[in-house]
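Me: I am new to this structure and would like to learn how to read it. Could you take me through a few features, one at a time?

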Amino acid sequence: MKEPSFSIGVEEEYLLVDKTTRILASSPPPELFKACESALEGRVSPEFLRCQIEVGTPVCMTLAEIRAELAYFRKTIAQEAAAYSLAPLAASTHPFAEWTDQPHTDKERYNEIARSMQVVAKRMLICGMHVHIGIEDEELRIELFNQLAYFLPHLLALSTSSPFWRGRKSGLKSYRLAIFDELPRTGLPPSFESYYEYRHTVDILSHAGVIEDATKIWWDLRPSDRFPTLEMRVTDVCPRLDDAVAIAALFRCLCRMLYRLRRMNQGWRQYSRFLLAENRWQAQRHGTDARLIDFGRNETAPFQDLVEELIELVRPDAEHFGCEVDLMHIREIARRGTSADKQLAIAGDIPEDSHLPQEKLVAIVDHLIEETQAGL
C-alpha cells in the first residue's frame with residue numbers, strides 16, 4: 001500500500017474585539033478585511049458572523065511551515081486591525097459578548113444557513129480550529145476515519161478555550177461544543193463500511209434536497225468534500241500558538257500511526273459512539289483535568305497519564321515527521337492546563353451561575369489579546 005502524503009493544513013477562526021471597550025466588533029470596517037485579504041493573498045475569508053475572520057494555511061509538509069503560516073496570519077491581522085483599534089482573539093468564545101448583537105455576514109451561503117436554521121445558527125458566536133491531513137486513497141481515508149473517532153476527546157481536552165458564555169461561568173471548559181451541537185449533522189461521526197457507503201449516505205441527503213453537498217455535514221471529524229483529506233474539527237481554537245501546533249502535530253501523528261497498523265493488517269479497536277461520547281463529554285466538561293475511560297481496561301485514567309501513552313504510541317511517527325518537539329508540548333499542556341484553565345484562574349473564585357464583575361471580564365479579554373499575539 002502506497003503511503004499517503006500526510007500533508008497538513010490548518011484553519012483557524014478569530015474574533016475581532018475593540019481594544020478600548022473589549023466588546024466584539026459587530027460591524028468591522030470593510031477596509032479592514034480588504035487589507036487583510038491583500039496582505040494574506042487570499043488565505044483569509046469572512047466567517048458566519050461579521051465579528052469573525054477565518055484563515056487557512058496552504059498545503060504544508062512540515063509543522064515548521066504550519067507554525068510560520070499561523071504566526072504570519074496572527075501577526076498580520078493584529079497589525080491591520082490595530083489601525084482600527086481592533087485586535088484578534090484566538091479563543092472559541094468571547095467571555096461576555098451577546099450573540100443577539102452580532103449580525104451575520106451578507107453572503108448567500110450564510111444567509112441560507114440563517115434562514116434554514118434560525119436561532120440555532122444565529123447563536124453561533126464561536127470559533128474553532130480545523131486540521132486537514134492528506135490521505136489520498138479513498139478507502140484508506142474511511143478506514144482511518146472510523147478509527148480516529150477514539151482520539152477526538154483527547155484532542156478536545158488539549159484545546160479548550162471557551163469556559164465563559166455571556167459573562168457567566170459555564171461550568172464547561174469547552175462551552176463552544178454545547179453551542180455547536182445544536183446544529184444538525186454535528187458531533188461524533190458514524191462509522192462506515194466503505195467509502196461507497198459514506199458517499200451513498202451523503203447522496204441520500206443531497207438528492208433529497210436537504211443539503212447541497214457534504215460541506216453541510218459538520219461532524220467532529222469528516223472526509224473533506226473539497227480535498228483528499230480528513231478534517232479534524234472537534235478542537236477549540238488555541239490562544240497560544242505553541243498549543244495549536246502541538247495539537248496539529250498530534251493529529252497528524254495519530255493518522256500515520258493508524259496507517260502503520262493498517263500496513264501490518266492491524267487496526268485500532270472500534271467502540272460504540274455511545275461510549276466515545278462519554279469521553280467527549282468528560283473532555284468538554286473538564287479539559288485536561290478529565291479522567292477519560294480507557295476502554296481496554298474498562299476504567300478511567302487521569303488525562304496526564306493518557307498523554308504519556310499517546311506520546312509513546314506515536315513517537316515513531318513524530319520522528320518520521322521531525323516534529324518531536326512539537327508533539328512533546330502536549331505534555332506541557334496537560335501539566336499546566338489549557339486557555340480555559342487560565343481564564344478561570346483570572347476570574348477567580350466566583351459563585352456558580354453568577355455574572356462575573358466587569359473588571360474580571362476585561363482582564364480575561366486583555367489576556368486573550370496578549371496570548372493570541374505572544375511570541376509573534
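Reply: Happy to! Let us begin with strands: helices (H or I, at least four residues) and strands (E, at least two) are DSSP runs, numbered from the N terminus. Two strands pair if DSSP finds at least two bridges between them. Residues are numbered from 1 along each chain as its sequence is written. This is a predicted model, in which local features need pLDDT of at least 70 and side-chain atom pairs count only at pLDDT 80 or more, while totals for chains, interfaces and linings use all residues; side-chain values use heavy atoms, leaving out hydrogens and water.

Me: Which residue stands opposite V55 in strand 3?

Reply: That is E12. Strand 3 (residues 52–56) runs antiparallel to strand 1, and five bridges join them. Strand 1 also pairs in the antiparallel sense with strand 5 (residues 129–134), over five bridges, where G9 has H132 as its bridge partner.

Me: How many residues of strand 1 are buried?

Reply: Buried means under 20% relative accessible area (1.4 Å probe, protein chains only). In strand 1 (residues 8–18), ten of the eleven residues are buried.

Me: Why is helix 6 described as largely enclosed?

Reply: Eight of the eight residues of helix 6 (residues 152–159) are buried, so the rest of the structure largely encloses it. Among them are H154 and L155.

Me: Which residues does F251 touch?

Reply: Contact means heavy atoms within 4.5 Å. Not counting residues up to four places away in sequence, F251 touches V131, I133, L148, L155, L221, L230 and M232.

Definitions and conventions
Buried means under 20% relative accessible area, exposed over 50%, partly exposed in between (1.4 Å probe, protein chains only).
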